[in-house]
Amino acid sequence: MISRRALLSGAVAAAAAGTLAACGKKESPSSSSSGGTKQITLGFSQVGSESGWRSANTSSVKDAAAAAGINLKFSDAQQKQENQIQAIRDYIAQKVDVISFSPVVSSGWDTVLKEAQAAKIPVILTDRQVDSSQDLWVSLVGSDFEIEGERAAHLLEKVLQGATGAVNIAVLEGTTGSAPATQRAAGFKKVMDASHPDWKIVASQTGDFTRDGGKQVMAAFLTSHPEINVLFAHNDDMALGAIQSIQAAGKKPGTDIKIVSIDGVHDGFVAMAAGQINAIAECNPLLGPQLMDAVKKVLAGQTLEKWIKTQEADFVAADAAAALPNRKY
Amino acid sequence: MSRVVRHHLFWPAAILIALLLFNLPFTPNFFAIHVRNGHLYGSLVSILIFGTPLILVALGMTLVIATGGIDLSVGAVMAIAGALACWYISRQPDQNSVGAVLIAVALALAACVLLGLWNGFLVARIGVQPIIATLVLMVAGRGIAQLITGGFIITVLSKPYATIGGYAFTAPTGVFIVTLAVVAMLALTRRTALGLLVESVGGNSEASRLAGVRARRIKIMVYIFCALLAGIAGLMNSSNLSDADANHAGLWIELDAILAVVIGGTPLTGGRFSIGGSVLGALILQTLKTTIFTIGIPSQANMVFEAAVVIIVCLIQSPDFRRRLMAPFRSAPPPPAPAAVSTQEPVEVSS
């Protein structure tokens, strides 16, 4: 609890500092005069602060920049592409060394990316992809959602080991049309088609990545499909909501209905430690250190992989209690 | 029979029953209610529990719309109420303390009254268009809620708090709260002159003022009342989930609430209003949501299905449309319309 609050106040302070830095537009070029090695300036435009995952992502970027001695100019686009484009243009005008951003949407970035290219500023994407030409950006630091879906399916294999009988799966999908939702579903289905033709998805519906959505959809599933004995949730929050509905139906989450989800938020680990979630495939928001590493490499003239995948782990209920104290978000 | 059909709640009630029956082939035990873990359990109970916040918000919205206004900020107010309560409870050493939960609830509702006062002030005193005035809080309010939660979901493990959105005396607590709200509203608006005043302000604000009605004060009151009900809805939603999610709590509920009010037979132009109709409208929307989940519509088609049903519901609600639809089947010319309109005195107090 204390560490979270400390983290929060730290984030707030950092945000305030970031805002101040972004307001004063004139300081950056002179910062190179300090002799020796030139301090790197990174302009970062975040999507917004729509979820705990995103907040953790923001803190990670800020902390990693501070740790790496990189001067970070941070701006929050509040889910608007025009804000993000404006922020990137500001960074170009300020002649930062590297620009990085998590694109709100995947299309419409060609113009501003070309402007950055003309100004010879390398662009590194984080978390999400864009559909612009690949030579307009250097690298993407982020998760592979399809692999996450595959990992979730493999975790379910583990959870079901030794169990007999029909496998009737309910799926709580993420926000319809979002990349994580479609790609996680695709990854899960790939493994299912390849090695588990006996698994059956009996109900699948979007829970919008929220606890409320997960709870309401699961409550309806439990009356219309009483045969459900496995739940695959595209994120922890929906699984947490579904757990409440499963309990209200007089069933035991984790036992009567096996649960596998993706993300690895703190509350998800609490539920896993309590045996309510059986396994979680982590989707790591703490990509700050990998991003800073990429920034340094690109300025040193090294070539980067086009897609730097975030380091992620799989967890089953037995690991939960041990891993819980280290969960930062 | 024709009196029943002509009752202003007939069509909303008929649509609700039809929608419930539509579920039966897909979920044979749809109407079954069992006792599980010491409380009622079943599809109908779920609809009530998940639908309560929308019913409360729609009730508040009804009065605002009756005065010719609109309140877009209800979702943000819900988020603020939940965030404040959970923030306070999460700071307590003993989250199960009843006293602490009561303080948290009082704190949240007091904040909501202030937010309602702000909306009312902008609309009635400054004279800002209601849609713009409440848009301010709709946008800013979610930011305030995010500041309170720090951008994270606050999870609370408080049994007394969970009761608000959970069960009391084996039934969903929301049923009692909604009943209380409806009875209080009916008593205030139908047994006193208040309802008449609200309708007169909605009908013609300036004329009411000249006739001696304190139009401004009435308007401020309905915005406060709406925010208060939204606050209670926010507490119920947050308590039901045992968390405060500033980003998603009550997101877009203002649109559902306005829709519920309209389906219930309250015109957006203000003037007349139907409390029972709004309750039915909210229940129709919640049942529709549950129906989508149970009958196995692919998520990509959710919105299309919902939109189609809502359009049909709105058309059935329109007396004009019904008359045109029935015209070819009728041998005699339809009775003149004004006769039907005169049955709208606020005497029907059924809900």
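Guide: In this predicted model, B:Trp11 is described as partly exposed.

Visitor: Why is B:Trp11 called partly exposed?

Guide: The relative accessible area of B:Trp11 is 24%, and because the class of partly exposed residues lies between under 20% for buried and over 50% for exposed, B:Trp11 falls into that class. B:Phe10, with a relative accessible area of 23%, is partly exposed by the reasoning that applies to values between those limits.

Visitor: What makes B:Phe10 and B:Trp11 an aromatic pair, and why is the pair called edge-to-face?

Guide: The ring centres of B:Phe10 and B:Trp11 are 5.0 Å apart, and since rings pair if their centres lie within 6.5 Å, the two count as a pair; the angle between their planes is 85 degrees, and because planes over 60 degrees apart count as edge-to-face, the label follows. The structure holds 9 aromatic pairs over all chains, and ring pairs also link A:Phe188, A:Trp199 and A:Phe232 into a cluster.

Visitor: How do you know that B:Asp243 and A:Arg211 form a salt bridge?

Guide: The closest N and O atoms of B:Asp243 and A:Arg211 are 3.3 Å apart, and because the cut-off for a side-chain nitrogen of Arg and a carboxyl oxygen of Asp is 4 Å, the contact qualifies as a salt bridge. The count between chain A and chain B is 1 salt bridge, alongside 14 residue pairs in polar contact, both residues being at pLDDT 80 or more. On the side of chain A that touches chain B, the largest share, 11 residues, comes from H7(A).

Definitions and conventions:
Residues are numbered from 1 along each chain as its sequence is written. Chains are lettered from A and ligands numbered from 1 in the order in which they are written. This is a predicted model: local features need pLDDT of at least 70, side-chain atom pairs count only at pLDDT 80 or more; totals for chains, interfaces and linings use all residues. Side-chain values use heavy atoms; hydrogens and water are left out. A polar contact is a pair of N or O atoms within 3.5 Å; within protein, one must be able to donate a hydrogen and the other to accept it, and residues adjacent in sequence count only if both atoms are side-chain atoms. Helices (H or I, at least four residues) and strands (E, at least two) are DSSP runs, numbered from the N terminus. Rings of Phe, Tyr and Trp (its six-membered ring) pair if their centres lie within 6.5 Å; planes under 30 degrees apart count as stacked, over 60 as edge-to-face and the rest as tilted. Buried means under 20% relative accessible area, exposed over 50%, partly exposed in between (1.4 Å probe, protein chains only).
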